[in-house]
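Take a moment to turn the model around on your screen before reading on. We'll walk through a few spots together.

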Amino acid sequence: MDSPQAKKSGLNLPAGMSETSLRLETFSGSTFHAVTNLGSPRTISNLSASPSKSSSCSDRFIPCRSSSRLHTFGLIDKGSPLKEGGNEVYSRLLRAELFGSDFGSFSNAGPGSPMSPSKNMLRFKTESSGPNSPYSPSILGYDNGFSSETSTPPKPPRKVPKTPHKVLDAPSLQDDFYLNLVDWSSQNVLAVGLGTCVYLWSASNSKVTKLCDLGPNDGVCSVQWTREGSYISIGTNLGQVQVWDGTQCKKVRTMGGHQTRTGVLAWNSRTLASGSRDRNILQHDLRVQNDFVSKLIGHKSEVCGLKWSHDDRELASGGNDNQLLVWNHHSQQPALRLTEHTAAVKAIAWSPHQSGLLASGGGTADRCIRFWNTTNGHQLNSIDTGSQVCNLAWSKNVNEIVSTHGYSQNQIMVWKYPSMTKTIVTGAGDETLRFWNVFPSMKTPTPVRDTGLWSLGRTQIR
């Protein structure tokens, strides 16, 4: 029960204490003392700018975080090297947790305002003098003056050597767009037709072997290894197709059927296709006694390009009639007749990465590499290379394609598919065989060191 005296004064005093035992003594300024009869006077708080001479001790003062003058707590403008490398989002969240949600209003205060904290307070990164990197935009969606160090820099392009690592002199190598005189086997042996002879060069020991000589009345027009690399076929100027055992240097068989030169050959797993200036394509089977088992008639001029698909189901043929034909393996009529090229189609390559994707290149009046979907016959893309397209080869390890060119720039180009961005442009043709390291190997994805032109010397293939 409160005493009548307590109710009268409006003070809620502890039991046993009377109002007369408590007095307030007011001093100048804002300092005051609460004095009781329980002991000597005790200073409760001092809010003046200078401490009072009469105060003997001071209780701990806990300020309000949202309205305190933070610059008075020793947070001076110093960068902490130990805190470098953070990001602005984490800094903002940390500030909000430590100083409350009203702390964000300080950012609108001027640099000279007592309510604005130090610029380096809770700062994990120095200001960037330049604009933000286009590869590291702000997470908050606006320019906050900081650049992110966590972004991944763009990957540098793969280095492709611009000089051959080996050069072989190849005298009497015919400069004829329609002939196919060089082929590399799966056993790392190179075959090249020089005049009336075929030579083999082993990459393992650089040994040169003369395979055959057709005599003064004939000439080599094409060479093609089997997929296993043990047998090699030779197309001659008289229209013959000869098959040789490359390991024994022994002729296995001679097959006729063409009326004139056989300029292109293509093996699948069982049969050999040959294309001739007589406009016909013959299918040969070594297991059959006949010279050929079927004849494909569709071109109106010399057949100069032939390639089987990797599954042996389709044969693509190109001709000097500017046509690209696609044949089914059990049909005598072309399944597709593609006529967009405006020059002879010699360069043909099937993609090993995508079924039904075919690339073809046109001659001097066309200069284009075209990509086709053989399932529906649609043209997927067309690239003007600026020169006659002589050959196309698709890498098995990466989705890149190399093109070799004749008139007028005689260059070699390596393209990324499907973007078709070029990675190298170089090349020449002057009765030499030049070896290029352009595709990365499957076991060693790192680029091959760029070696000089004469680093491995220059030798002759015969």
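Strands, labelled E, are DSSP runs of at least two residues, and they are numbered from the N terminus. With that in hand, find proline 418 in the loop between E26 and strand E27 (422–426). Keep in mind that this is a predicted model. A cis peptide bond links tyrosine 417 to this proline 418, with omega at about 10 degrees.

There's another cis bond to look at. Tyrosine 407 and serine 408 are joined by a cis peptide bond, and omega there is about 10 degrees. Serine 408 sits in the loop between strand E25 (400–405) and strand E26 (412–416). So what do you find if you follow the chain through E26? On one side of E26 is the loop with serine 408, and on the other is the loop with proline 418.

Now hop over to strand E8, which covers residues 220–225. Is this strand largely enclosed or open? Six of its six residues are buried, so the rest of the structure largely encloses E8. Buried here means under 20% relative accessible area. Its partner is strand E9 (residues 231–236): the two run antiparallel, with five bridges joining them.

Arginine 279 isn't a glycine, yet its phi is positive, at about 80 degrees. You'll find arginine 279 in the loop between strand E13 (272–276) and strand E14 (280–284). With 43% relative accessibility, arginine 279 counts as partly exposed. Asparagine 322 is a residue other than glycine with a positive phi as well, near 70 degrees. Look for asparagine 322 in the loop between strand E17 (314–319) and strand E18 (324–328). Its relative accessibility is 25%, so asparagine 322 counts as partly exposed.

Last stop: serine 202, which belongs to strand E6 (residues 197–202). Is serine 202 buried or exposed? Its relative accessible area is 15%, so serine 202 is buried. The side chain of serine 202 makes a polar contact of 3.1 Å with the side chain of asparagine 205. Set aside the neighbours within four places in sequence, and serine 202 is in contact with Asn188 and Lys207.

How values were computed:
Residues are numbered from 1 along each chain as its sequence is written. Side-chain values use heavy atoms; hydrogens and water are left out. Buried means under 20% relative accessible area, exposed over 50%, partly exposed in between (1.4 Å probe, protein chains only). Helices (H or I, at least four residues) and strands (E, at least two) are DSSP runs, numbered from the N terminus. Two strands pair if DSSP finds at least two bridges between them. A polar contact is a pair of N or O atoms within 3.5 Å; within protein, one must be able to donate a hydrogen and the other to accept it, and residues adjacent in sequence count only if both atoms are side-chain atoms. Contact means heavy atoms within 4.5 Å.
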